[in-house]
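Please look over the sequence and the model below before reading on. The briefing that follows is grouped by topic.

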Amino acid sequence: LEVNKKVMALSNLLQVGNLISNGKKLQDVLQLVVERISQIQEGTKTFLILLDETTKKLTFRACYDVGSDEFVQTKFELGAGVVGNCVVDRKGFKVDSKEPVHRKEIEDLMRRWEVANAVVIPIVLRSMGVGLLGIGNAQKNFSFSEGDEEIYRIFARQVAIAVENDRLSKKTEELEIKDELTDLFNKSFIEQRLEEEIKRAIHY
């Protein structure tokens with residue numbers, strides 16, 4: 001069973017890697033990650049929380065069978081509470097029947113997540129915490145193995161790569177004013193200039 005789980009995990013990691021290298025949208029990659037992790041272990045409830053660069057809040061970006069809608073719509077403050085502190089400190093946690101954690105904040109998170117066992121791993125990009133990968137289930141007398149945790153850490157690193165690719169892609173689009181092939185101004189630049197000219201025309 002353990003060998004089958006590892007084979008499935010490696011196959012799923014390869015699929016995620018292919019998606020990233022093919023330049024697929026970040027949201028597609030994130031959703032595939034949570035779905036593939038949940039395939040490895042039956043009954044798994046998986047989430048990805050990432051930092052929104054605009055609002056500077058931590059929000060759920062992808063989920064699989066996770067708690068209520070109210071929980072999924074929660075936004076977390078960076079550096080506040082168990083979620084915010086895990087991201088800033090770049091430290092996750094593990095809770096199960098062998099390693100129970102008696103911290104009210106963690107117990108509350110797990111209650112809302114509807115799990116009894118959990119592994120939470122930070123997503124780290126250039127030495128900065130940018131999110132969390134959470135894997136949990138409600139099974140009794142269950143414990144995540146070191147092998148499980150290692151697989152989840154590899155998924156977390158893939159998410160970090162996908163996030164960095166997405167950011168670099170957006171910066172490149174912003175920097176490009178002209179289309180390389182036609183040497184014409186691109187759509188976003190024209191729209192921006194048009195808006196400026198309309199405002200100027202209205203003003204005068």
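Leaving out neighbours within four places in sequence, Glu149 is in contact (heavy atoms within 4.5 Å) with Lys94, Val119, Ile121 and Phe144. Glu149 lies in helix 6, where helices (H or I, at least four residues) and strands (E, at least two) are DSSP runs numbered from the N terminus. Glu149 is buried, with a relative accessible area of 15%, buried being under 20% with a 1.4 Å probe and protein chains only.

This is a predicted model, in which local features need pLDDT of at least 70 and side-chain atom pairs count only at pLDDT 80 or more, whereas totals for chains, interfaces and linings use all residues. Residues are numbered from 1 along each chain as its sequence is written, and side-chain values use heavy atoms, with hydrogens and water left out.

- Not counting residues up to four places away in sequence, Val159 touches Leu30, Val33, Leu48, Leu50 and Ile123.

**Aromatic pairs**

- Rings of Phe, Tyr and Trp (its six-membered ring) pair if their centres lie within 6.5 Å, and planes under 30 degrees apart count as stacked, over 60 as edge-to-face and the rest as tilted; by this rule the count comes to 6 aromatic pairs.
- The ring centres of Phe142 and Phe144 are 4.9 Å apart and their planes stand at 85°, so this pair is edge-to-face.
- Both Phe142 and Phe144 are buried.
- One aromatic cluster is formed by Phe47, Phe60, Phe71, Phe76 and Trp113.

**Largest pocket**

- A pocket is an open set of points on a 1 Å grid over the protein atoms alone, where a 1.4 Å probe fits, with protein on both sides within 12 Å along at least five of seven lines, and its lining residues have an atom within 4 Å of a point.
- The largest pocket is lined by 14 residues, of which Leu51, Glu53, Arg61, Asp166 and Lys170 lie nearest its centre.
- The largest share of this lining, 4 residues, comes from helix 6.

**Helix 4**

- Within helix 4 (residues 81-89), Val82, Val83, Gly84, Cys86 and Val87 are buried.

Note on methods: Buried < 20%, exposed > 50% of the residue type's maximum accessible area, 1.4 Å probe, protein only.
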